[in-house]
Amino acid sequence: RCEYTNTHIKQNGNTSNSTSMSRHEQDGEEAAELLATIQSDHVPMKTWYNNNAQNNPDLNAFRLKYGPKYPDFARDVSAFFGGATGWKEIRRVYLRSKSNSSHNNNGS
């Protein structure tokens, strides 16, 4: 039996000074963070994905692999890209594209 407190974890009468979370809690927190990121990035990524394939060979490859139209709803994004890994791959391309366009717009 485990009891979680802010400063100690008590397990079977023994006290540890560790504040670590259980693996289940970490997985839940990671899933919540991923969902929040997908939701916050949904509209700009959807616009970018649907409108920039001709200017970006990496994006074009993703569109051929996953489909030409980004999902309309954030709740459908993870399944569209085959899970978190696929979404993270396309997000890296999106962030790189944003970074490159901001450098080009700043004259660098």
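Helices and strands here are DSSP runs, numbered from the N terminus.

**View 1. Confidence along the predicted chain.** This is a predicted model. The mean pLDDT of the chain is 80, and 76% of its residues reach 70 or more. Among the elements, helix H3 (residues 77-80) has the highest mean pLDDT, 92, while strand E1 (residues 2-4) has the lowest, 42. The pLDDT is below 50 over residues 1-11, a stretch that has 27 contacts in the model beyond near neighbours in sequence.

View 2. Helix H2 spans residues 57-66, and its buried residues are Leu59, Phe62, Arg63 and Tyr66. Seen down the axis of H2, these buried residues fall within an arc of 100°, so they line one face of the helix. The face turned away from this buried side carries the exposed residues Pro57, Leu64 and Lys65.

**View 3. The ends of helix H2.** Asn56 caps the N-terminal end of H2. A side-chain oxygen of Asn56 lies 3.0 Å from the backbone nitrogen of Asp58. Just after H2, Gly67 takes a positive phi of about 130°.

View 4. The side chains of Asp27 and Arg23 meet in a salt bridge, with an N to O distance of 2.9 Å. Both residues belong to helix H1 (residues 23-51), and because they are four residues apart there, about one helical turn separates them. Asp27 has 36% relative accessibility and therefore counts as partly exposed, since that class lies between under 20% for buried and over 50% for exposed.

**View 5. A salt bridge between distant parts of the chain.** The side chains of Lys46 and Asp72 meet in a salt bridge (3.1 Å, N to O). Lys46 is in helix H1 and Asp72 in the loop between H2 and H3, so the pair, 26 residues apart, links distant parts of the chain. Lys46 counts as partly exposed at 22% relative accessibility, and Asp72 counts as partly exposed at 42%. Lys46, Lys69 and Asp72 are linked in a network of salt bridges.

**View 6. A salt bridge between Asp76 and Arg75.** The side chains of these two residues meet at 3.9 Å, N to O. The pair counts as a salt bridge because the cut-off is within 4 Å. Asp76 is partly exposed, at 33% relative accessibility, whereas Arg75 is exposed, at 66%. For the model, the count comes to six salt bridges.

Terms used: Residues numbered from 1 in each chain as written. Heavy atoms only, no water. pLDDT = per-residue confidence, 0-100. Helix = DSSP H or I, 4+ residues; strand = E, 2+ residues; numbered from the N terminus. Contact = heavy atoms within 4.5 Å. Buried < 20%, exposed > 50% of the residue type's maximum accessible area, 1.4 Å probe, protein only. Arc of directions from axis to C-beta. Polar contact = N/O pair within 3.5 Å; in protein donor to acceptor, adjacent residues only side chain to side chain.
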